[in-house]
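Reader: I'd like a close look at one part of this protein, the charged surface and the loops and bridges around it. Can you walk me through that part in one go?

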Amino acid sequence: MTEAQVNPKAYPLADATLTKTILDLVQQASNYKQLRKGANEATKTLNRGIAEFIVMAADAEPLEIILHLPLLCEDKNVPYVFVRSKQALGRACGVSRPVVATSVTIKEGSQLKPQIQSVQMAIERLLV
């Protein structure tokens with residue numbers, strides 16, 4: 001996918017290395033049952049205050065179906081990021097369907113805490 005095809009509303013967009021890191025973490029979160037798949041589930045985790053960060057697909061059609069999430073994230077002070085492919089996001093979530101949005105959730109005593117924090121920092125650096 002070229003730069004021209006990505007919707008300019010999909011901001012901040014992760015670069016290739018950050019995308020790989022995020023998708024790896026999403027995959028681990030899926031194994032640790034710390035993942036909610038889909039725009040509706042991501043919205044619920046934000047409203048309940050259990051979202052660590054939100055990952056959205058920049059190629060969602062139409063993009064507007066997930067554009068309420070960045071606004072909610074900013075209200076709740078939760079980092080969010082776009083990756084290029086909903087197909088890749090779906091694979092990382094461990095399902096065969098494309099996934100347009102996913103939420104990594106908080107879990108007490110989770111082994112993923114250090115990785116989650118480093119990804120949160122990287123996402124926040126994109127937003128500055």
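Author: Lys 33 sits in the loop between α1 and β1 (35–37). Keep in mind that this is a predicted model. The backbone at Lys 33 has a phi near 55 degrees, which is a positive value in a residue other than glycine. Is Lys 33 buried or exposed? With a relative accessible area of 66%, Lys 33 is exposed, because the cut-off for that label is over 50%.

Along with Arg 36, Lys 37, Arg 48 and Lys 107, Lys 33 belongs to a patch of positive charge on the surface. Lys 107 comes in from another stretch of the chain, the loop between β4 (101–105) and α5 (113–127). Lys 107 is partly exposed, at a relative accessible area of 39%.

Now for the salt bridges. How many are there by the nitrogen-to-oxygen rule? The count comes to 4 salt bridges, and here are some of them.

Start with Lys 44 and Glu 41, whose side chains meet at 3.1 Å, N to O. Both belong to helix α2 (residues 39–48), and they are separated by about one helical turn because they are 3 residues apart there. Lys 44 is partly exposed at 36% relative accessibility, and Glu 41 is partly exposed too, with a relative accessible area of 27%.

Another bridge joins Lys 113 and Glu 52, again at 3.1 Å, N to O. This pair links distant parts of the chain: Lys 113 is in helix α5 and Glu 52 is in strand β2, 61 residues apart. How covered is each partner? Lys 113 has 33% relative accessibility and so counts as partly exposed, while Glu 52 has 6% and counts as buried.

Then there's Glu 64 with Lys 9, a salt bridge at 2.6 Å, N to O.

In the loop between β2 (51–57) and α3 (68–76) you'll find Pro 62, and the peptide bond from Glu 61 to Pro 62 is cis, with omega near -15 degrees.

One last bit of context. An unreviewed UniProt entry carries the annotation "domain: Ribosomal protein eL8/eL30/eS12/Gadd45" for residues 22–111. In the model, that span is 40% helix and 21% strand, and its end C-alpha atoms lie 16 Å apart.

Note on methods:
Residues numbered from 1 in each chain as written. Predicted model: local features only at pLDDT ≥ 70, side-chain atom pairs only at ≥ 80, totals over all residues. Heavy atoms only, no water. Patch = residues over 30% accessible without salt bridge, like charges linked within 9 Å, V, L, I, M, F, W, Y side chains within 5 Å. Areas by Shrake-Rupley, 256 points an atom, 1.4 Å probe, with all protein chains shown as cover. Lys, Arg positive; Asp, Glu negative; His and termini not counted. Charge placed at Lys NZ, Arg CZ, Asp CG, Glu CD. Helix = DSSP H or I, 4+ residues; strand = E, 2+ residues; numbered from the N terminus. Buried < 20%, exposed > 50% of the residue type's maximum accessible area, 1.4 Å probe, protein only. UniProt positions renumbered as here; feature names shortened; annotations may be inferred.
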